[in-house]
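Here is a short briefing for a first look at this protein. Please view the sequence and the structure, then read on.

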Amino acid sequence: MATLQKIRNRAGLLIIVVGVALLAFIIGDGLRSGSSLLQDNKMVALKIDGKKVKYDEFQQLLTERTEPYERQGKLTDQDRMQISNQLTQELISDYVLEQEAKAVGLRVTPAEVSALIFGEGLPTSQMAAQFFSQFGVNMGDPEQIRSVMSELDLNKIKALPAEQQSMMISVRNQWLETEKQIRSQRLSEKLNALLTRSYAINSLDEKYTTGLGSRTVAVVRTPSTILPNDQVKVTDQQVRAYYDSHKQLYAFPFEQAKVNYYSTLVRPSEADYAAAKANVDSARMQLLATTTPDKVVRNYENGHAYETYFTDKELEQFLSTQPNAMTMLREGAIGSVNEPVIVNDSYTLIKLIDRKQAPEEVKVNIIPLDSTNAPKADSLIAAIQSGATTLAQVVATYSMDDQIKANGGYLINSDQYTGMPDSTFTESELFGMQLDTLNKTPINQFVKIERPGATLLIRKTAPSASVNLYKIAQLTVPINFSEETYRKEQAKINEIFSGDKKFAQMMDAAQKAGLSVVRGEYVNSSSASLASIPNSREIVSWALRSKAGAVSDKIFRCGNNDYLVVAEVETKYPAGFQPFEQVADQIRDYVLMEQRGDQLAANLASKKLKSLDSYATEMQSSVDTLYNISYVSSPNTPAALVGNAMTTGIGQLSTPFRAGTEVVVLQPISENVDASVTKPSPAATAQRRRSYGQQMAYRAMQELIIRTPIEDTRYRFW
């Protein structure tokens, strides 16, 4: 009972203790939730009108876009940033499209997407055709399309051997993205059509575009820059006033940072050049002595012992920077190696392995057979070779590829220099297309080549004249700076970086030491690098993550690890508008142009001259004639010139006026009006309505995109 009484006596204290414990629990849980929320926000790459695009989602989409390019070669930071920026714009545009289409009740059904893929009731989507063309699919055969799509079923892919699954998953993702793009394009077409139809031409539009005719006008025009600068003064207040009154022109959706930095470029020393010369001399002696150059070149940068032959033209392009290589190949003995010359801080050695006479180019006949016709391959070859049938007949009947049918059985490729269709191929081009079997077979003799999903009957034909072809080996010896050279340059920048100095003092010291100094450069999340420092995306990311006044706590190593950079974030700017100081000089030039033009026009008007010839003398110009000036003149004709030309009386002299960057005086000579045209034909009005409607639809979508709030935080993940 005593214990119970104690509990009762201390009930108030217990309530407080329990309450505090409960509050601590709630706060702790809230903090954990808040921490999770903060962590969640940190993993967002992009916010579009509040909609989050998570980093892993964005990265997957980016990987799908970069993979095809990476298979062709290494991507630079600039390449990756360009693709990333394109993806960002696509995501923003797709979001705006979806929101606007939803608002007006537009949608694309799965049946429509299917119709666009199979060309059933709607024209076949070009994106679908492009995707399936890589598998040799005949878009006129729905079964071939379904066959490829069935192979991309996720369960089928999981049943494949592990080494094949990765490639098929990549192809599947490519197809899913293609499907999405087909749907988006269809939705865009619907919305654009709706916006286009909503545009109307009123009676005033018709009057000014049809009923007023055109004029022939005599003009005198001169650039406003003939007025000396000291006669016009633009104040800071005028520049600021223009910015404030035209702020929408400077809308900018991304956060920005203004950075200052100093840097040095590490260059090879004399000792480094001497070491590279000794290295290339050694490599040359090895190449001259060996009959197996592949064993030598594989130990060097860009080392290749090519298995194919090249034409003179191909090697001239390939070796255009090597001054003596082509002479050696044309005139030297087999086994010769060129004398090395420094080009772009590297030496290139070329060994002539062999030289032969052969046709410079050939044409290629090809008959792709599907699995149904593949068993007939040998009999079809025999029929063509014996003359029992013709190539054209076999192609028309059996080719699974419509384009090959259209080409009459000839393989057509794009010329690597002009991009134009080309039906001729060199030995190296056939080798690159994995058709080098043709280089070993006689002219007009068919060979059978198996490819996934197709059997190819192929031969070379129509050889051109024989020329010299060359087989070569190549290697490069770069002239790099040594660690000792690097340490010396690092010591220079360390001397400035170390100590208790303000950043402005560092910049001054760097300038005195002969280092590169850059002040006031603006970067944002779409910047691939600093303007003068290649591969410096790390600095851009650091600047956008840091606060104003931050100085890098390390020396950044950029470029090809040959730029040493120290940076400061001077100011940070939120998304919304470009800061005044960023555009002030641009505005000042524009306001100066306007004021100079207005002042020159006023000066000329005060002279009260009576003829164009008098104005021509005063304006240091001559009289010219403009024809067919009307209210629908070219956009390149300044609006002020059109307005004055159409409103000044025939034979009357206008007062001088500013038109863009020029000052103009004009005199209409004649008016050309077709009296029979009082109202445009319905067809002409409809065409004009469509044209203007399409323009307005495009401008409307661009305006919606510009007005969409964007928070771009991709820089967090660089």
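**Helix α7**

In helix α7 (residues 142-151), the buried residues are Gln 144, Ile 145 and Val 148. Buried means under 20% relative accessible area, with a 1.4 Å probe and protein chains only. These residues sit on the same side of α7, because they cover an arc of only 100 degrees around the axis. The arc is taken from the directions from the helix axis to the C-beta atoms.

This is a predicted model: local features need pLDDT of at least 70, and side-chain atom pairs count only at pLDDT 80 or more, while totals for chains, interfaces and linings use all residues. Residues are numbered from 1 along each chain as its sequence is written, and side-chain values use heavy atoms, without hydrogens and water.

**Cover of α7**
- The cover over the buried residues of α7 includes α5 (110-118) and α6 (126-133).
- Helices are DSSP runs (H or I, at least four residues), numbered from the N terminus.

**Cavity**
- The whole structure holds 1 cavity of 30 Å³ or more.
- A cavity is a set of points on a 1 Å grid over the protein atoms alone where a 1.4 Å probe fits but cannot get out; lining residues have an atom within 4 Å of a point.
- The largest cavity has a volume of about 40 Å³, the space filled by probe spheres set on the points.
- Its lining includes Leu 61, Glu 90 and Lys 180.
- Helix α4 (77-103) is one of the elements that supply at least two lining residues, and the largest share, 4 residues, comes from α4.

**Domains**
- The C-alpha centres of domain 3 and domain 4 lie 40 Å apart.
- Domain 3 covers 254-266 + 483-574, and domain 4 covers 270-358, with bounds from an automatic or database domain assignment.

Notes:
1 Å grid on protein atoms, 1.4 Å probe; cavity = no way out; pocket = protein on both sides within 12 Å on 5 of 7 lines; lining within 4 Å. Buried < 20%, exposed > 50% of the residue type's maximum accessible area, 1.4 Å probe, protein only. Contact = heavy atoms within 4.5 Å.
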